[in-house]
Each structure stands twice: as C-alpha cells, then as structure tokens.
Number of protein chains: 2
Amino acid sequence: MKLEEELYELADLFKVFGDSTRLRILYALFEQEEYSVFGLSDTLQMTQSAISHQLKVLKQARLVKSRRDGKQIFYSLDDDHVRTIISMGREHIEE
Amino acid sequence: MKLEEELYELADLFKVFGDSTRLRILYALFEQEEYSVFGLSDTLQMTQSAISHQLKVLKQARLVKSRRDGKQIFYSLDDDHVRTIISMGREHIEE
DNA sequence: CAAACATATGAGCATTTGTTCATATGTTCA
DNA sequence: TGAACATATGAACAAATGCTCATATGTTTG
C-alpha cells in the first residue's frame, strides 16, 4: 500500500474511534456478544436512526459485523483489533 | 475514572490520530528523533502555521513533547503509545 | 396481500475541524 | 536596544461530521 494511501486509511480508521457514541456502541459489544439495533438504542438511550447511522460507519470500517435473524439484525465486534486499539488508547489516557 | 469521562477522553485521543496531517507529523518523528517546526513544515510541505496548530493538538494529547534550543523548538514523540496505537491501526487496515 | 415491526437512508441543520492570513510572542545577536 | 529569525495564536471561512426527521426497504404474520 502506498504511504499516501495508508495515511488516509489510517486517519479514517481512527476517526471512527474518535466519537463517543461509537465508542459506547463498541463498549456495549465488549460486554454483550451481540446486540440488535433496537437493543443498542435502548441501552444507550439514543434514537434508532442515530444508532443505525453509526453502525453503518462502524461496519464500513470493519469494526463490527452483522447477521440477520428474522426482522432483527444483530451486530457484534468484527475482530480483536477493536479491543487492542481501544486498550492501547486507554493505557495512554490513564497515565 | 468515570466511564462517561473515559469515553470522552478516549474519543478525544483517537480524534487526534484521525487526521492525515497529524499522522504525517508522527510518521516523520518515527523516522527522525527530532524535528524543528520549520523542519516539519519543510519536510511535509505545509505552512508553518498549519504545522504549529497541529503540533499544539498533538502536544495537548501528550503524543509529542518539545524542547527549546535557542530560537528553535524541537518536537519528538512523547511516549511509545504513539507507536503501538498506530501499529495496531495499521494491522487492522492491512488485513 | 396488507399491516406491523425492525432497520436503513437521505436531506437538512448545527457544531466541529483544518487551513490560511495577519499578527503576537519569544530569542539571538549586531 | 532593535532587527532578524522561529514559533504561536486568534479570527475567519470552507469542509466534514453527527443528529433529527421523514420516509424507504426488508421481513414476518394474520
């Protein structure tokens, strides 16, 4: 990958982590394997639309994945990078 | 630290990584221990003002530190979290 | 098939963010 | 001390971002 390209992709990835709503969603998925969109909007006390928009961002960044079960769509963490990136961040701010 | 507070601090930290200019500055400091502000603006081909504004952001996030030597101020990475956070990000996008 | 339910999406709006421009602050040296 | 140099900073503006509202899409069930 070209450096120039890498820089933009990296920036885009970190932008995704740079919003407290999205972090809240990820934190929720640390504690409970799966959540439906309604489950998240209920837990986080935000509108279904706001959650759905943010899930789309998280999914495009491949931080969450989804599966459909009937009318519902369940979201879960896509891979372990989410955990490691966030825990590196926590180490930094907790110093 | 309260969860609420942690979320905002984490988001703020990741926001700092979420800009390609700031990443460029950090990358430059990976390759060369120290840079003056002019050195960075020359290397990255950006105005002194733009670099200076971004260095301020990086410094507030404790990602870089500075020391004065005469008229110049030299910036360097503040700690190793910068490297680890960025390398975790790289692992994710390179999959 | 129609109604009910779950989720996605586009437009609009307010807020945030990154750059530029002008200027201020701080340091050295003649 | 004053001129030259290096960096910092504030205001202004354009672009990006996150939420809301209205509505579209997709799925189940009577």
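This is a predicted model: local features need pLDDT of at least 70, side-chain atom pairs count only at pLDDT 80 or more; totals for chains, interfaces and linings use all residues.
In which hand does H2(B) pass H5(B)?

In chain B, three strands form an open sheet in the order S1-S3-S2, with antiparallel pairing. Strand S1, residues 35-36, and strand S2, residues 64-69, stand at the edges of this sheet; each has a single partner strand, so one side of each is left without a neighbour in the sheet. Helix H2 of chain B, residues 20-31, packs on the sheet and touches S1, S2 and S3 of chain B. The direction of H2(B) makes about 85 degrees with that of S3(B).

Let me take the two pairings in turn. S1(B) and strand S3 of chain B, residues 72-77, run antiparallel and are joined by two bridges. Here Tyr35(B) stands opposite Tyr75(B) in S3(B). S2(B) and S3(B) are also paired in the antiparallel sense, over six bridges. Asp69(B) faces Gln72(B) of S3(B) as its opposite residue. These two strands, S2(B) and S3(B), form a hairpin with two residues between them. In the turn, Gly70(B) has a positive phi of about 65 degrees.

I now return to the opening question. The axes of H2(B) and helix H5 of chain B, residues 81-93, come within 11 Å and cross at roughly 115 degrees. The two helices are therefore roughly perpendicular to each other. As to the hand, H2(B) passes H5(B) in a left-handed crossing. On the H2(B) side, the contact is made by Leu23(B), Leu26(B), Tyr27(B) and Phe30(B), and on the H5(B) side by Val82(B), Arg83(B), Ile86(B) and Arg90(B). Classed by residue type, this contact has six nonpolar, no polar and two charged residues.

Helix H2 of chain A, residues 20-31, packs with helix H4 of chain A, residues 48-60, at an angle of about 80 degrees, their axes being 10 Å apart. That angle makes H2(A) roughly perpendicular to H4(A). H2(A) contributes Thr21(A), Arg22(A), Ile25(A) and Leu26(A) to the contact, while H4(A) contributes Ile51(A), Gln54(A), Leu55(A), Val57(A) and Leu58(A). By class, the contact has six nonpolar, two polar and one charged residues.

Finally, how are the chains related? Chain B can be laid on chain A with an RMSD of 0.0 Å, by a turn of 180 degrees and a shift of 0.0 Å along the axis. That is the relation of a two-fold axis. Of the interface residues of chain B, 100% are also interface residues in chain A, so the copies meet through the same surface.

Thank you for your attention.

How values were computed
Residues are numbered from 1 along each chain as its sequence is written. Chains are lettered from A and ligands numbered from 1 in the order in which they are written. Side-chain values use heavy atoms; hydrogens and water are left out. Two strands pair if DSSP finds at least two bridges between them. Helices (H or I, at least four residues) and strands (E, at least two) are DSSP runs, numbered from the N terminus. Contact means heavy atoms within 4.5 Å. Axes are lines fitted to C-alpha atoms, for helices over the stretch in contact, and angles run from 0 to 180 degrees between N-to-C directions. Angles under 35 degrees count as roughly parallel, over 145 as roughly antiparallel, 65 to 115 as roughly perpendicular and the rest as oblique. Ala, Val, Leu, Ile, Met, Phe, Trp, Tyr, Cys and Pro count as nonpolar, Asp, Glu, Lys and Arg as charged, and the others, Gly among them, as polar. A crossing is left-handed if the near helix is turned anticlockwise from the far one by less than a right angle, and right-handed if clockwise. Copies are superposed by least squares on the C-alpha atoms of residues with pLDDT of at least 70 in both.
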